[in-house]
Amino acid sequence: MTASASGDRVRTLRGIRICLSILILGLIVSGVTAFPLREELGLAARILDGSPVSALFPDAAGWVDRVAAALADTGARYPFLAYGTDWLAFAHLIIAVVFLGPLIDPVRNIWVIQFGVIACAGIIPLALIAGTLRGIPLGWQLIDMSFGILGVIPVVIAWRLTRRLERLPVEAG
């Protein structure tokens with residue numbers, strides 16, 4: 001293998017790993033922040049109260065207040081319901097672990113990258129259908145959909161780079 005081909009493999013693999021690391025980090029942050037949801041929403045409501053953001057986006061601030069109050073009430077009366085968001089958090093963390101396979105060997109684990117694209121695409125109908133059924137404001141559904149839209153970007157890039165890596169010559173040894 002030529003030095004140029006070797007350099008191409010290294011750069012391509014680095015690009016894949018950067019993209020997948022961004023996705024993994026996002027999944028970890030999403031997972032970890034789902035555990036203290038009640039506390040986070042309470043803090044967000046207190047920060048928004050009286051802030052310029054609240055004046056600019058009163059509907060959004062009102063929604064955060066409503067959700068924070070619902071989580072506080074539910075947590076006080078039915079704390080076991082938070083177990084559902086604990087499972088949501090766990091799922092995010094486990095999905096992040098799954099992406100370690102393609103981080104190590106993207107060509108052999110390309111199916112995980114393809115799964116990531118499918119999962120990101122699935123966020124859109126889920127947000128629209130479940131959000132509508134649950135009375136979530138459209139603006140909030142759009143924010144939820146943005147996770148799939150933004151998440152798919154590094155995954156698609158990683159998929160394309162993995163396909164490129166498949167075609168590059170492999171070092172003999």
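A crossing of two helices is left-handed if the near helix is turned anticlockwise from the far one by less than a right angle. In the predicted model considered here, this description applies to the crossing of helix α7 with helix α8. Helix α7 comprises residues 110-133, and its axis lies 8 Å from that of α8, at a packing angle of about 165°. Since angles over 145 degrees count as roughly antiparallel, α7 is roughly antiparallel to α8. Sorted by class, the contact of α7 with α8 contains 16 nonpolar residues, together with eight polar and three charged ones.

Helix α8, which spans residues 138-167, also packs against α1, with an angle of about 155° between the two and a separation of 8 Å between their axes. That angle makes α1 roughly antiparallel to α8, and the crossing of this pair is left-handed. On the α1 side the contact is formed by Arg9, Thr12, Leu13, Gly15, Ile16, Cys19, Leu20, Ile22 and Leu23, which meet Gly151, Pro154, Val155, Ile157, Ala158, Leu161, Thr162, Arg164 and Leu165 of α8. The residues in this contact of α1 with α8 divide into 12 nonpolar, four polar and two charged.

Two residues of α8 may be described individually. Valine 155, located in helix α8, has a relative accessible area of 0% and is therefore buried. With neighbours within four places in sequence left aside, valine 155 is in contact with Leu23, Ile113, Gly116 and Val117; of the α1 residues, Leu23 is also listed in the contact of α1 with α8. The C-alpha atoms of valine 155 and leucine 81, which are separated by 74 residues in sequence, lie 32 Å apart in space. Glutamine 141 is likewise found in helix α8, and its relative accessible area of 4% places this residue in the buried class. When residues up to four places away in sequence are not counted, glutamine 141 touches Ala127, Leu128, Gly131, Thr132 and Ile136.

Tryptophan 63 belongs to helix α4, residues 58-77, and is buried, at a relative accessible area of 14%. Between the C-alpha atoms of tryptophan 63 and alanine 44 the separation is 11 Å, for two residues that stand 19 residues apart along the chain.

The packing of α1 (residues 3-34) extends to helix α5 (residues 82-98), with the two helices at an angle of about 160° and their axes 8 Å apart. The angle makes α1 roughly antiparallel to α5, and α1 passes α5 in a left-handed crossing. Within this contact, Ile24, Leu27, Ile28, Ser30, Gly31, Val32 and Ala34 of α1 meet Thr85, Leu88, Ala89, His92, Leu93, Ile95 and Ala96 of α5. The contact of α1 with α5 has 10 nonpolar and four polar residues, and no charged residues.

Aromatic rings were examined separately, a pair of such rings being described by the distance of the centres and the angle of the planes. With centres required to lie within 6.5 Å, the count comes to three aromatic pairs. In one of them, the rings of tyrosine 78 and phenylalanine 80 have centres 6.1 Å apart and planes at 80°, so that the pair is edge-to-face. Tyrosine 78 counts as partly exposed, at 38% relative accessibility, whereas phenylalanine 80, at 58%, counts as exposed.

Another pair joins tryptophan 87 and phenylalanine 90, whose ring centres are 5.6 Å apart and whose planes stand at 90°, so that this arrangement is also edge-to-face. Both residues of the pair, tryptophan 87 and phenylalanine 90, lie in helix α5, where a spacing of three residues corresponds to about one turn of the helix. Tryptophan 87 is partly exposed, at 47% relative accessibility, and phenylalanine 90 is assigned to the partly exposed class with a relative accessible area of 42%. Ring pairs link Tyr83, Trp87 and Phe90 into a cluster.

Conventions:
Residues are numbered from 1 along each chain as its sequence is written. This is a predicted model: local features need pLDDT of at least 70, side-chain atom pairs count only at pLDDT 80 or more; totals for chains, interfaces and linings use all residues. Side-chain values use heavy atoms; hydrogens and water are left out. Axes are lines fitted to C-alpha atoms, for helices over the stretch in contact, and angles run from 0 to 180 degrees between N-to-C directions. Helices (H or I, at least four residues) and strands (E, at least two) are DSSP runs, numbered from the N terminus. Angles under 35 degrees count as roughly parallel, over 145 as roughly antiparallel, 65 to 115 as roughly perpendicular and the rest as oblique. Contact means heavy atoms within 4.5 Å. Ala, Val, Leu, Ile, Met, Phe, Trp, Tyr, Cys and Pro count as nonpolar, Asp, Glu, Lys and Arg as charged, and the others, Gly among them, as polar. Rings of Phe, Tyr and Trp (its six-membered ring) pair if their centres lie within 6.5 Å; planes under 30 degrees apart count as stacked, over 60 as edge-to-face and the rest as tilted. Buried means under 20% relative accessible area, exposed over 50%, partly exposed in between (1.4 Å probe, protein chains only).
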